[in-house]
Amino acid sequence: MKIKSLLKKKILILDGATGTELQKGGMPSDVCPETWCLENPDVIGNIHAAYRRAGSDIVYTCTFGANRFKLGHYHTTNVREINRELSLLARDAVGKDALIAGDIGPTGKFIEPFGSLPFEEAVAAFKEQVLGLLEGGVDLFVIETMMDIQEARAALLAVKETGSYFTIVTMTYEKNGRTLNGTDPVTALITLQSLGADAVGCNCSTGPDMMVGLIAAMKPYATVPLVAKPNAGIPKLVGRTTVFDMDTREFAHFGAKFAAAGVNMLGGCCGTTPAHIEALKEGIKNERPLAPGRKSLSAVSSAFNFKVLDKDKPLFIIGERLNPTGRKALQQELLEGKMSLVRRMAKEQEEKGVDLLDVNVGVPGIDEIKAIRDVLCLLSTTTGLPLVIDSSRIETIETALRLYPGRALINSISGEREKIAKLLPIAAKYGAMFILMPLADGKVPETAQRRKPIIKRVFQAAKGFGFTRDDIIVDGLVMTVASNPQAALEAIKTVAWCTNQLKCRTLLGLSNVSFGMPGRKWMDAALLAMGYASGLTMAIANPESAEIMRVKMAGDLFMQRDRGASSYIAYFSPRCETNRMDKPAETVSPAQKVHQAILEGNREDITTLVEDAVISGMDAAKLVNDVMIPAIVHVGELFDEKKYFLPQLIASAEAMKEALGYLEPRLKATIQDGKGAVLLATVKGDIHDIGKNIVALLLRNHGYEVIDLGKDLPAEAIIEAAKRTRVDVVGLSALMTTTMVNMRDVIDLAKKEGLQCKFMVGGAVMTESYAASLGAAYAKDAVEAVRLVEELIG
Ligand code: B1M
């Protein structure tokens with residue numbers, strides 16, 4: 001409450017950098033910062049105190065990496081104690097007047113659904129840190145430098161499930177305005193503020209000039225205060241050290257710009273000093289804070305995108321096809337745990353122009369919790385469309401909301417007592433929007449008149465959980481005209497009443513109206529047009545229906561939601577029309593399908609596609625060299641061009657691995673006696689192993705014995721294994737400029753230990769001349785690696 005009331009009066013000043021100040025204070029680069037601070041309390045204490053003297057209202061604890069994963073790297077396990085002691089130390093340094101924020105940074109792991117660390121393990125790890133910080137008496141929490149929205153969610157849930165504390169979340173954006181994982185600032189804001197963050201913003205990565213733009217972009221959608229902590233300019237590499245050289249005057253000059261953009265909390269990140277903070281405070285002393293851009297926001301998000309559901313926007317279409325009811329093939333796939341059809345249907349609907357995707361996994365006999373998890377994990381990386389979680393089971397909805405890395409829409413909460421009592425608190429906890437279904441106690445009210453009291457009742461109950469009308473979309477409840485001739489009219493009347501009286505958003509599920517009738521698409525499209533004229537906001541529909549999509553486009557124009565008719569004209573331009581028309585299935589070769597599957601990160605189908613390619617007569621080695629390697633290299637290019645982000649990179653790498661695993665027995669020949677043995681490893685700090693695995697595969701294929709140590713291996717482990725196994729050649733792989741240099745450690749250690757074997761090096765960043773400087777032989781690809789080994793062994 002104290003922070004909230006302070007925020008109304010002034011722009012709060014945060015502290016500046018800790019890491020760069022610690023280095024100035026003598027901290028070596030290869031130690032655990034947290035334990036070093038506990039051993040050198042005066043250094044960190046002086047930094048905290050200097051920031052307080054410079055005018056920081058809030059000082060961060062030095063616990064950025066104090067989670068079990070980061071500390072584990074330094075073989076330290078006392079997470080709670082470290083967090084407690086560092087919080088107490090901060091309090092000692094700044095006294096009672098300043099506020100202490102318990103600082104939580106990333107784990108350094110990729111989290112489900114983008115990586116392999118289970119979401120609940122991440123939440124548990126953050127909770128452990130939160131408890132330690134609370135024992136040390138922090139006043140609030142700050143979750144910072146997050147590049148993965150899912151990790152930010154895990155940390156935020158960890159705080160909120162521990163107690164009710166003011167929590168700031170700041171993400172780190174690249175020059176292209178997205179996090180490394182591909183999330184833009186407005187999407188992150190929508191997801192985090194709805195999940196309960198009390199302030200949202202950005203820190204690190206960019207200088208203040210770019211960060212002003214990020215704050216300005218977020219402000220119109222912010223229901224919470226905004227936070228900025230920029231670096232002292234863009235980092236420059238001088239020799240082997242990173243330098244931030246923006247002086248205090250220039251840094252402070254951005255204060256007024258941040259204030260105009262709507263910032264409410266301002267400080268500094270890497271390279272900033274107490275002098276920067278003092279100058280910043282002076283620079284904004286006459287600035288008044290702007291209130292959040294909105295009181296509430298009707299918006300949904302995925303990990304990569306958002307949709308603001310404002311009433312002046314074109315009508316939104318929710319794709320209905322990911323629902324197994326009446327779809328035998330999808331039922332079968334879901335029951336078998338397969339995902340090919342889900343992927344295809346999601347992609348097809350996205351291509352047809354839907355705005356959101358409805359997801360339902362309800363099949364008799366299915367493990368619905370597992371199924372919704374699997375489907376969400378797939379869709380979170382394969383589509384940027386926000387999801388509508390459609391289930392009649394409360395546990396399914398809760399599982400989905402917890403795991404979904406965005407702000408979802410629930411389909412639906414009805415007027416039934418159990419749904420109100422159990423689902424509203426869940427929706428509120430995860431900040432989801434919901435569709436209100438005007439049903440009560442198992443009965444379908446036939447008329448709009450009988451639906452009104454139910455709608456009012458749910459609205460009233462929702463208000464008690466903090467929902468506003470912006471969070472709710474009322475379903476007009478479309479029944480079948482074949483059994484009730486009044487059905488369409490009553491749905492339209494419900495929409496009209498909600499629009500005019502309740503001033504809320506509405507939805508119609510179109511296809512119900514036409515069951516059992518001929519000309520269904522026309523009936524559905526007519527209902528859409530009538531609903532639109534009565535104020536409809538969105539419809540659940542099959543986007544394959546040209547009738548529906550065309551009526552929507554015309555409706556957008558008539559309802560003044562497509563100003564200048566630009567979307568209408570583009571939609572009906574001859575080129576787009578031809579593209580949309582049903583084209584005969586293209587003949588795509590099996591090899592092209594494999595290429596495409598790697599590009600899409602399609603792990604579900606890759607082995608079947610590889611098998612098809614082999615059956616069609618393609619040689620396994622040729623498939624690897626001519627199809628699969630070019631595909632993964634193209635993925636790298638897309639990543640470079642910022643068209644792909646880490647989640648897509650990981651998915652493609654995994655598809656590649658599956659394919660290689662499948663092909664391995666076909667590529668492997670039996671070891672030929674006397675041919676020689678090769679030991680392979682990717683060096684320390686580097687987890688890329690696809691290329692090295694191909695080298696291993698081809699060498700085995702040529703009769704060599706290969707001992708593959710794996711990836712991220714320290715020099716000692718490689719040399720120990722080389723001595724023990726007495727191989728003829730040690731092969732080292734590295735894919736990053738930063739890890740290539742670690743090869744030298746391996747070769748130096750080999751010399752020191754008097755190891756008599758030859759070295760071969762390779763990897764995308766390796767050059768002939770660098771290899772020569774190491775005294776190693778260089779192979780540019782796997783084929784050359786085989787030839788080289790032949791030469792080296794003689
Ligand atoms: Co990353 N990654 N990656 N990545 N990744 C690169 C290498 C990068 C060039 C992408 C980019 O920015 N454009 C870039 C490095 C930039 C640089 O330093 N110059 C990069 C980065 C920055 C990162 C991260 C830091 C991203 C992040 O988190 N911020 C992170 C690093 C993590 C770490 O290692 N500590 C990261 C993570 C990942 C994934 C986990 C997602 C995944 C790896 C999965 C895995 O390997 N299990 C991944 C991938 C897939 C790539 C790209 C897209 C593809 C690499 C690959 O498999 N290529 C890559 C971009 C690119 O290279 N275009 C990229 C196909 C493979 C067959 O080629 O490995 O070169 P290659 O092997 C060839 C030859 O080089 C040679 O033969 C092979 C077959 O012909 N060869 C040898 C290789 N080793 C040899 C050894 C030999 C002889 C020949 O003798 C012993």
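Which side chains meet in a salt bridge at 2.6 Å, N to O? In this predicted model, they are those of lysine 370 and aspartate 374. The two residues are four apart in helix H15, and are therefore separated by about one helical turn. Lysine 370 counts as partly exposed, at 45% relative accessibility, and aspartate 374 is likewise partly exposed, at 27%.

Other pairs reach across greater stretches of the sequence, and two of them may be followed in turn. Aspartate 57 forms a salt bridge with lysine 10, with 3.0 Å between the closest N and O atoms. Because aspartate 57 lies in the loop between helix H4 (41-54) and E2, while lysine 10 lies in the loop between helix H1 (2-9) and E1, this pair ties together parts that are 47 residues apart in sequence. Aspartate 57 is buried, with a relative accessible area of 12%, whereas lysine 10 is partly exposed at 29%. A salt bridge also joins arginine 321 to glutamate 348, the closest N and O atoms being 3.1 Å apart. Arginine 321 is in the loop between E13 and helix H13 (328-335) and glutamate 348 is in helix H14 (residues 340-351), so that parts 27 residues apart in sequence are tied together. Here arginine 321 counts as buried at 12% relative accessibility, and glutamate 348 as partly exposed at 24%. The count of salt bridges comes to 47, and a network of them links Glu120, Lys127, Glu161, Arg402 and Lys429.

Aspartate 390, placed in strand E15 (residues 387-390), is buried yet has no salt bridge, and the nearest side chain of opposite charge, that of arginine 327, is 8.8 Å away. When residues up to four places away in sequence are not counted, aspartate 390 touches Asn323, Asp358, Val359, Asn360 and Asn411.

The strands come next. Eight of them form an open sheet with parallel pairing, in the order E1-E10-E7-E6-E5-E4-E3-E2, and its edge strands, E1 (12-13) and E2 (58-60), each pair on one side only. Within this order, strand E6 (residues 199-203) and strand E7 (residues 226-229) pair in the parallel sense over four bridges, with asparagine 203 standing opposite lysine 229 in E7. Strand E20 (residues 538-541) has both faces covered, with Met538 and Ile540 buried on one side and Ala539 and Ala541 buried on the other. E20 pairs in the parallel sense with strand E13 (residues 316-319) over four bridges, and isoleucine 318 stands opposite isoleucine 540. E20 also pairs in the parallel sense with strand E19 (residues 505-509), over three bridges, where leucine 508 stands opposite alanine 539.

Among the helices, H16 (residues 394-403) is largely enclosed by the rest of the structure, because eight of its 10 residues are buried. What covers these buried residues includes H7, H8, helix H15 (368-382), E15, strand E16 (409-414) and helix H17 (417-430). In helix H7 (residues 119-135) sits glutamine 129, which is buried with a relative accessible area of 0%. Leaving aside residues up to four places away in sequence, the residues that glutamine 129 touches include Thr63, Ala66 and Asn83. Asparagine 83, found in helix H6 (residues 79-94), is buried as well, with a relative accessible area of 0%, and its contacts beyond four places in sequence include Thr63, Ala66 and Gln129.

In soluble globular proteins, nonpolar side chains tend to be buried together. The largest nonpolar core here has 157 residues, and those with the most contacts inside it are Leu192 and Phe434. Helix H8 (residues 149-160) gives the most to this core, with eight residues. Apart from this core lies another, of 42 residues, among them Leu609, Met628, Ile690 and Val695. Beyond its neighbours within four places in sequence, leucine 192 is in contact with residues including Ile149, Ala152, Arg153 and Leu156.

Which residue is the only protein donor of the cobalt atom of the ligand? That donor is His688, through NE2, at 2.2 Å, and histidine 688 has its place in the loop between strand E21 (677-683) and helix H28 (690-701).

Key. Residues are numbered from 1 along each chain as its sequence is written. This is a predicted model: local features need pLDDT of at least 70, side-chain atom pairs count only at pLDDT 80 or more; totals for chains, interfaces and linings use all residues. Side-chain values use heavy atoms; hydrogens and water are left out. Donors are N, O and S atoms within 2.8 Å of the metal (3.2 Å for Na, K and Ca); water is not among the atoms, so sites may look incomplete. A nonpolar core is a set of buried Ala, Val, Leu, Ile, Met, Phe, Trp, Tyr and Cys residues joined through side-chain atoms within 4.5 Å. Buried means under 20% relative accessible area, exposed over 50%, partly exposed in between (1.4 Å probe, protein chains only). Contact means heavy atoms within 4.5 Å. Lys and Arg count as positive and Asp and Glu as negative; His and the chain ends are not counted. A salt bridge is a side-chain nitrogen of Lys or Arg within 4 Å of a carboxyl oxygen of Asp or Glu. Two strands pair if DSSP finds at least two bridges between them.
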